[in-house]
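Dear colleague,

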Amino acid sequence: MHTFLVLGAVFAGVAVALGAFGAHALRDKVTAEKLAVYQTGVQYQMYHGLALLAVGFLAAIKGVTPPLTFAGWLFTVGIVLFSGSLYILTGSRSKAIGIVTPFGGLAFMAGWVLFIVAALHA
């Protein structure tokens with residue numbers, strides 16, 4: 001499934017760039033607490049970028065299934081909502097966007113459940 005291989009590679013590559021940006025450009029511009037929030041976003045983006053690669057590889061090996069496809073989209077949505085909201089929180093004075101973060105976490109968890117289902121039934 002080329003879509004998830006490409007998305008995974010893009011998200012992982014961007015996570016590397018964002019991690020470097022945080023380590024060098026943000027270190028002296030935000031509080032240690034905000035930098036930790038930012039780094040959590042980077043870590044989860046990398047983890048789930050790699051998960052998207054796993055979705056693409058499993059699809060190539062075992063075939064495309066609805067649970068696997070849905071898992072890939074849930075990982076994608078999770079990255080956007082979870083990591084994206086943490087990046088915005090880092091640069092914002094408002095904490096209102098934080099309401100979105102748990103929905104990204106739920107998307108990640110549901111994606112892993114569906115990935116397991118797909119792996120067991122593939």
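Rings of Phe, Tyr and Trp (for Trp, the six-membered ring) are paired if their centres lie within 6.5 Å; planes under 30 degrees apart count as stacked, over 60 as edge-to-face and the rest as tilted. The model is predicted, so local features need pLDDT of at least 70 and side-chain atom pairs count only at pLDDT 80 or more, while totals for chains, interfaces and linings use all residues. Residues are numbered from 1 along each chain as its sequence is written, and side-chain values use heavy atoms, leaving out hydrogens and water.

The structure holds 8 aromatic pairs. Phe4 and Trp73 form an edge-to-face pair, because their ring centres are 5.0 Å apart and their planes stand at 70°. This pair links distant parts of the chain, with Phe4 in helix H1 and Trp73 in helix H3, 69 residues apart (helices are DSSP runs of H or I, at least four residues, numbered from the N terminus). Phe4 is buried at 1% relative accessibility, whereas Trp73 is partly exposed at 41% (buried means under 20% relative accessible area, exposed over 50%, partly exposed in between, with a 1.4 Å probe and protein chains only).

Ring pairs also join Tyr44, Tyr47, Phe82 and Phe108 into a cluster.

A nonpolar core is a set of buried Ala, Val, Leu, Ile, Met, Phe, Trp, Tyr and Cys residues joined through side-chain atoms within 4.5 Å. In the largest one, of 20 residues, Leu52, Val55, Leu68, Phe75 and Phe115 touch the most other members. Helix H3 gives this core its largest share, 8 residues.

Yours sincerely

Conventions: Helices (H or I, at least four residues) and strands (E, at least two) are DSSP runs, numbered from the N terminus.
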